[in-house]
Amino acid sequence: MALPLLSNRRARHLFLDRHALAEAPVGAATGQALHDLIDRIGFVQVDSINTVARAHDMILFARRQTYRPDALKRLLERDRSLWEHWTHDASILPVGLHGVWQHRFQRDAERLHRNWRKFFREGYEAQFDTILNRIARDGPVGTADVGEGEVRGKGGWWDWHPSKTALEWLWRTGQIAVTRRDGFRKIYDLTERVIPAPHRTQVPAEILVDWACTTALDRLGFATPGELAAYWNTISPDEAKAWAKAALASGDVIEIDVEGSTGQLRRALIRPSTLAATPPEPTARLRILSPFDPALRDRDRAEHLFGFRYRIEVFVPEPKRIYGYYVFPILEGDRLIARIDAKAHRDEATLRVKSFWPEAGVKLGASRRARLEAELDRIARFSGCARVEYLEGWQRTPLLRGT
């Protein structure tokens with residue numbers, strides 16, 4: 001018997017609505033409104049690259065263009081309603097998840113104990129108590145404040161000095177927390193000084209799998225068991241499969257076929273009520289997304305739905321790059337229509353556009369170009385620039401599939 005079909009159009013509309021990208025990017029973006037937006041999309045990834053703006057700031061600006069970074073800083077550092085930890089990468093999360101994350105702290109401590117000895121210099125374990133005692137006595141520290149006399153490596157994460165490795169270990173295992181960032185440098189304090197007491201109680205282990213799967217499905221709309229497990233990265237794929245089997249048996253979810261951009265079908269789980277509802281029509285507003293936007297985190301899922309293949313090329317040698325060092329996807333309505341290579345030169349108050357690569361069949365006519373220029377003007381102001389400069393040859397032609 002054929003499964004119910006979620007058409008590609010409805011799938012894209014549902015996907016964008018659950019990622020807060022269907023409505024116009026207007027409304028409040030401070031205090032509880034900003035907290036609720038982050039809770040709605042689950043988490044906001046943090047990344048150090050500041051080509052135009054930090055990833056977390058671009059993610060929030062794409063959804064609420066009244067957003068300003070100081071509003072996020074207040075929730076993290078003063079109100080303590082948000083905190084920073086690890087999902088698939090470093091992310092900003094609602095503080096109410098700390099009780100769930102305590103299970104992850106325990107899991108990661110066991111995993112890191114097995115793996116980190118293979119990768120890092122010896123001596124970091126001997127620094128655990130030294131660092132904890134120092135923080136307890138003297139207050140918050142960053143990596144520059146510890147490891148006096150230790151050899152400072154010139155390489156990447158594999159070349160950290162022992163005290164930096166110890167700090168990261170203590171953070172990843174929940175013994176310390178990020179109390180603030182100075183610039184982009186993490187400053188750590190004891191967890192009990194950062195996370196409010198009501199949120200430091202571990203949730204019961206028996207609800208962990210159900211919590212992970214139900215909350216992931218709420219935020220994704222439809223998903224495979226593997227996608228449910230990967231969303232928070234707190235449970236295993238086998239645990240998600242077992243949950244799916246039980247949820248199917250109880251009728252809490254059903255199986256459907258999700259139509260992809262070229263008509264291909266992919267089986268997924270959905271709530272019956274979600275399948276019966278009509279998702280809102282996305283606004284035609286054009287917006288520029290961070291490469292780390294939650295809607296793009298699962299590259300395969302985005303490619304299935306939108307036919308948009310995106311790979312970041314930061315670590316690709318320049319001669320081998322196809323589009324550029326740090327290229328931003330462009331969303332228009334319910335389509336990913338292009339990518340743009342732009343950089344903020346704040347010392348010159350100028351956002352420079354190096355190249356605009358449309359997808360096949362996308363034309364940069366007068367109306368679309370006007371909307372692109374308007375959005376770039378808004379992005380420029382957000383990034384601290386007064387004007388946009390378009391470099392010679394910035395309008396490119398679509399590349400053939402597979403190039």
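How many of the residues of strand S11 are buried? Hi everyone, let me start there. S11 is mostly covered, with 6 of its 6 residues buried; buried means under 20% relative accessible area, exposed means over 50%, and partly exposed is in between, using a 1.4 Å probe and protein chains only.

Before going on, a word about what we are looking at. This is a predicted model, where local features need pLDDT of at least 70 and side-chain atom pairs count only at pLDDT 80 or more, while totals for chains, interfaces and linings use all residues. Residues are numbered from 1 along each chain as its sequence is written, and side-chain values use heavy atoms, with hydrogens and water left out.

Now let's see who its neighbours are. S11 belongs to an open sheet of 5 strands, in the order S10-S11-S12-S13-S14, with mixed pairing. The edge strands are S10 (286–288) and S14 (387–390), each pairing on one side only. From one strand to the next, the twist averages 35°. By pairing I mean that DSSP finds at least two bridges between two strands.

On one side, S11 (residues 327–332) pairs with S10 in the antiparallel sense, over 3 bridges. Here Ile 288 has Ile 330 as its bridge partner, and Arg 287 stands opposite Leu 331. S11 also pairs with S12, again antiparallel, over 6 bridges, and there Ile 330 stands opposite Ala 338. S11 and S12 form a hairpin with 2 residues between them, and Gly 333 in that turn has a positive phi of about 60°.

What lies across this sheet? Helix H14 (residues 366–382) lies across S10, S11, S12 (335–345), S13 (350–358) and S14, running at about 40° to S10. Such axes are lines fitted to C-alpha atoms, for helices over the stretch in contact, and angles run from 0 to 180 degrees between N-to-C directions.

Next, the cores. In soluble globular proteins, nonpolar side chains tend to be buried together. A nonpolar core here is a set of buried Ala, Val, Leu, Ile, Met, Phe, Trp, Tyr and Cys residues joined through side-chain atoms within 4.5 Å. The largest one has 47 residues, of which Leu 34, Leu 72, Ile 330, Ile 340 and Leu 351 touch the most other members. Among the elements giving two or more residues to this core are helix H2 (31–41), helix H4 (69–79), S11 and H14. Take Leu 34: not counting residues up to four places away in sequence, Leu 34 touches Ala 29, Leu 60, Tyr 67, Ala 71, Leu 72 and Leu 75, where contact means heavy atoms within 4.5 Å. Apart from this core lies another, of 31 residues, including Leu 97, Val 100, Tyr 231 and Trp 243.

Tyr 231 takes us to helix H10 (residues 225–232), where Glu 227, Leu 228, Ala 229, Tyr 231 and Trp 232 are buried. The axes of H10 and helix H9 (residues 208–220) come within 9 Å and cross at roughly 100°. That makes the two helices, H9 and H10, roughly perpendicular, a label for angles of 65 to 115 degrees; under 35 counts as roughly parallel, over 145 as roughly antiparallel, and the rest as oblique.

Phe 128, Ile 131 and Leu 132 of H6 meet Ser 163, Ala 166, Leu 167, Trp 169 and Leu 170 of H7.

Last stop: strand S4 (residues 90–94), with 5 of its 5 residues buried. S4 pairs antiparallel with S2 (residues 44–45) over 2 bridges, with Ser 91 as the bridge partner of Gln 45. Another 5 bridges join S4 to S3 (residues 82–86), also antiparallel, and Trp 86 stands opposite Ala 90. S3 and S4 form a hairpin with 3 residues between them.

Conventions
Helices (H or I, at least four residues) and strands (E, at least two) are DSSP runs, numbered from the N terminus.
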